[in-house]
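Biologist: I am new to this structure and should like to be guided through it. May we begin once it is in view?

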Amino acid sequence: MAYVPLADQDKEMEMHHPHSWVEKYVWSQDHKVIAIQYGSIAVFTGIIGLTLSVLFRLQLGFPESVDFIDPNFYYQAVTMHGMIMVVYFLTALFLGGFGNYMIPLMCGARDMVFPFMNMLSVWTFLLSVIILMASFFVGGGPTGAGWTLYPPQTAMEGTPGHDMGIVLMLISLAVFIVATTMGGLNYAVTVLQYRCRGLTMMRLPLTVWGIFVATILALFAFPALLVAAIMMLFDTLLGTSFFMPAVIEAGAPLDHNGGSPLLFQHLFWFFGHPEVYIVALPAFGLVSDVLSTHARKNIFGYRMMVWAIIAIGGLSFIVWAHHMYVSGMHPYFGFFFATTTLIIAVPTALKVYNWVLTLWEGDIRLNAPMYFAIGFIFTFIHGGLTGLFLGNVVIDLPLSDTYFVIAHFHMVMGVSPILVLFAAIYHWYPLMSGRMFHEGLAKAHFWLTFLGAYAIYLPMHYLGFLGVPRRYYQIGATDFIPASAQDLNASITIAAIFVAVAQLLFFVNIIWSLKYGKKAEKNPWGSASLEWQTPDLPPKHGNWGDELPTVYRWAYDYSVPGAHEDFIPQNTPETVEPTVDEEHFDPDQDASKADI
Amino acid sequence: MSEAAVAANSPAEGMDGLVDDWSADKQAYHVPWGKAMMWLFLVSDTFIFSCFLVGYLNVRMTTTEPWPVQSEIFALSFGGAPIPLILIAIMTFVLITSSGTMAMAVNYGYRRDKTKTFWLICATALFGAMFVGMQVFEWSKLIGDEGVRPWGNPFGAAQFGSIFFMVTGFHGLHVTCGVIYLMWVALRVKRGYYDDKGFEIVEIAGLYWHFVDLVWVFIFAFFYLL
Ligand code: HEM
Ligand SMILES: [Cu+2]
């Protein structure tokens, strides 16, 4: 670790000033460049994940219509799709991408506390992606054990990629964890110790809160996955039996004995459940800021929003076994985990109410980012409600491992965070690029994605009720599933192809606008938070020119009575504009106070 | 905080006041960046070791074969009579001693006594290296003389060897990294690199070192005594 200056001497922070193109854009230590690098790698893997999903959907909708999709390929595709989307796409994009971009700007900092380590983080992440992709090219191909990698499935001869595939997957995960740890330590310490003057934690935008708590979750949850990965590597490479019980495969006993597959499940889900909130919390934060800005209203119940983020973060560590109801556990444990799981719904619902109340009587500007943000409220309520079903043991038992679960987590962890990603990318696009995107194209993109997503996932709930199991190559003819289920599957596949193709609108828009978009004026949405108040647009290396900003108010001073405009930037002194800080603020009631 | 900012924040009472204090802007709490980061890292690392130890307890329960009697396996004979756990006792003693020298190094660092700091860090690193050396000895004895392997051993449950090599190996790796880290810090102390930057770094390295020692105490208890 390099030398550490004191926090209050940060004006002397040693900035690395690039001298060449390569240092500026490749081996860059600027958090903004690193953010774009992180984001691009994540989006690239995401596109691969999306392509895989179209392929296995083809098999489900139109069985055996594509030659090269045999059962092995099918399992490999679903496995890689799941792992890529959860870890290498969403986690990396929210923490590495948005965390890197937003934290220093919103905290009024020049960069992350340790820019060099930050750079290492992104290159380590790239390495993990390369290792992951390499598994497509080794003998046996990538692992096909499902993204949850349950043993002994992973090690059985019948599972595709049971030798090299799983090894590369585990190594890649371990490398990814190293990358996230380096990044995460940086993000957390930057939030804690590199905020500018006057910026108390309770004045931070919710984006920073969401990413901050998610980072802490990542630092405490990924260790469990790391340990699970190391132990499974030992099982695969050294022939130990941590997770492998005595198994008889094809009549012959395997060379393992006495291990505990349940141990793996516990370790995996001790990571896995916080992981869903590692993705969800940054999304909560980002969407709060988008909603508040475009509704021209302060976020409703800021303090409660912060507490809800913290409470969700804490609770997410004691609910993991709700993924294991069918694995078998003592009824008291089932009771415990069902209770904690349902308790998590309380702060989550609180957040939803507050988003809706933020819109209430707002001066809503229906810009494209706002479309996505409002769309998120719909999809998230939807997915959250199905979560409540699954959280109850007795309801979960018949629904577990059916398409109902697929529908649940895609609504809540797939569609919802991705809508927020689009909202956020469109919202901050002018800041990152200095240009405006094409509004009409963005709205078209929204409607196709939003309605398309419903066309995909709504029928899946119904399939789940019918009892259609997940992770089956083909349903075939059964007594209990009506033949019409296949028609539903076909329609889902068609919708999925539509939605996948519709994403082209996004990429075309983003790339075209880089060059031909209208030049963005400064702070185009009239946002109060700090990231828009940099001297340059897009901000230069070091962000703040000669002097760090001073903050006098929270990030949500919108429509303050008596103010010159309908927003007051965080760095406006109260001698210039009135302050209405931190408390719930209702313009009608507080008018007297604001007249000062 | 600027005066204006102070005025705007009329202090709240009770719980809200507590929260305001804790969330004050960073000028209120001087924690060097590296120190904050080391603490966070160590908590994260604690989760890793906890998972390892939980895994150990778990496989010890699930395995179908009897668990080897550890005090016999880890015994060393001096002049014929086997003394149980003697090597581990020495290793533990060495590591704990190194924590002492480390603490003294931190103290002298803040007093800006560079020579003493340098030598004390070197002593700490030396103790660390001794520890790793003894661990190598222990491992080679287990592997060479007793035939313990990660995938099996003559004494009972195969998981004994698996978990033992994995966890002590992981800990040994930590000690080895710590020795390298300490040597690096020691060299920089000697060269006067921290003269005007301050000697927090010694304390930060010390945090890591004490943590590694503390983890050893747990490993010691779980593997050798339990
Ligand atoms: C109201 C809150 C929620 C409750 C009560 C809840 C409950 C559950 C339960 C009980 C399961 C296990 C279903 C089964 O396998 O039988 C599950 C699966 C899942 N949930 Fe949730 N959930 C909630 C919110 C979320 C959120 C916010 C996310 C992500 C952002 C999420 C992501 C997932 C994922 C990814 C799975 C499936 C993992 C797999 O089996 O592959 N859930 N949920
Ligand atoms: Cu969960």
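Modeller: A term must come first: helices here are DSSP runs of H or I with at least four residues, numbered from the N terminus. Please bear in mind that this is a predicted model.

Biologist: In which helix is His408(A) found?

Modeller: Helix H12 of chain A covers residues 403-433. The element that holds His408(A) is therefore, by the DSSP numbering, helix H12.

Biologist: Which residue is the only protein donor of the iron atom of ligand 1?

Modeller: A donor atom must lie within 2.8 Å of the metal. The NE2 atom at 2.2 Å from the iron is the only protein donor. It belongs to the residue of helix H12 already discussed, His408(A).

Biologist: What distance separates the iron atom of ligand 1 from the copper ion?

Modeller: The copper ion is ligand 2. Between it and the iron atom of ligand 1 the separation is 4.5 Å.

Biologist: Is Lys518(A) buried or exposed?

Modeller: Lys518(A) is found in the loop between helix H14 (485-516) and helix H15 (591-594) of chain A. A residue counts as exposed when its relative accessible area is over 50%. Because its relative accessibility is 58%, Lys518(A) is exposed.

Biologist: Which residues does Lys518(A) touch, not counting residues up to four places away in sequence?

Modeller: Contact requires heavy atoms within 4.5 Å. With those sequence neighbours set aside, Lys518(A) touches Gly434(A), Arg435(A) and Met436(A).

Biologist: What is the mean pLDDT of chain A?

Modeller: In chain A, 94% of the residues reach a pLDDT of 70 or more. Residues 1-12 of chain A, however, have pLDDT below 50, with 28 contacts in the model beyond near neighbours in sequence. Where pLDDT is low, the predicted coordinates should not be read in detail. For chain A, the mean is 92.

Biologist: How many salt bridges are counted between chain A and chain B?

Modeller: The two chains bury about 4,900 Å² between them, 70% of it on carbon and sulfur atoms. Across their interface, nine residue pairs are in polar contact. The count of salt bridges between chain A and chain B is zero.

Biologist: Which helix gives the largest share of the side of chain A that touches chain B?

Modeller: The contact takes 59 residues from chain A and 53 residues from chain B. Elements giving two or more residues to the chain A side include helix H5 (164-193) and helix H7 (261-295). The largest share, ten residues, comes from H6(A).

Key: Residues are numbered from 1 along each chain as its sequence is written. Chains are lettered from A and ligands numbered from 1 in the order in which they are written. This is a predicted model: local features need pLDDT of at least 70, side-chain atom pairs count only at pLDDT 80 or more; totals for chains, interfaces and linings use all residues. Side-chain values use heavy atoms; hydrogens and water are left out. Buried means under 20% relative accessible area, exposed over 50%, partly exposed in between (1.4 Å probe, protein chains only). Donors are N, O and S atoms within 2.8 Å of the metal (3.2 Å for Na, K and Ca); water is not among the atoms, so sites may look incomplete. pLDDT is the predictor's confidence in each residue, from 0 to 100. Buried area is the accessible area (1.4 Å probe) that two parts lose on being put together, summed over both. A salt bridge is a side-chain nitrogen of Lys or Arg within 4 Å of a carboxyl oxygen of Asp or Glu. A polar contact is a pair of N or O atoms within 3.5 Å; within protein, one must be able to donate a hydrogen and the other to accept it, and residues adjacent in sequence count only if both atoms are side-chain atoms.
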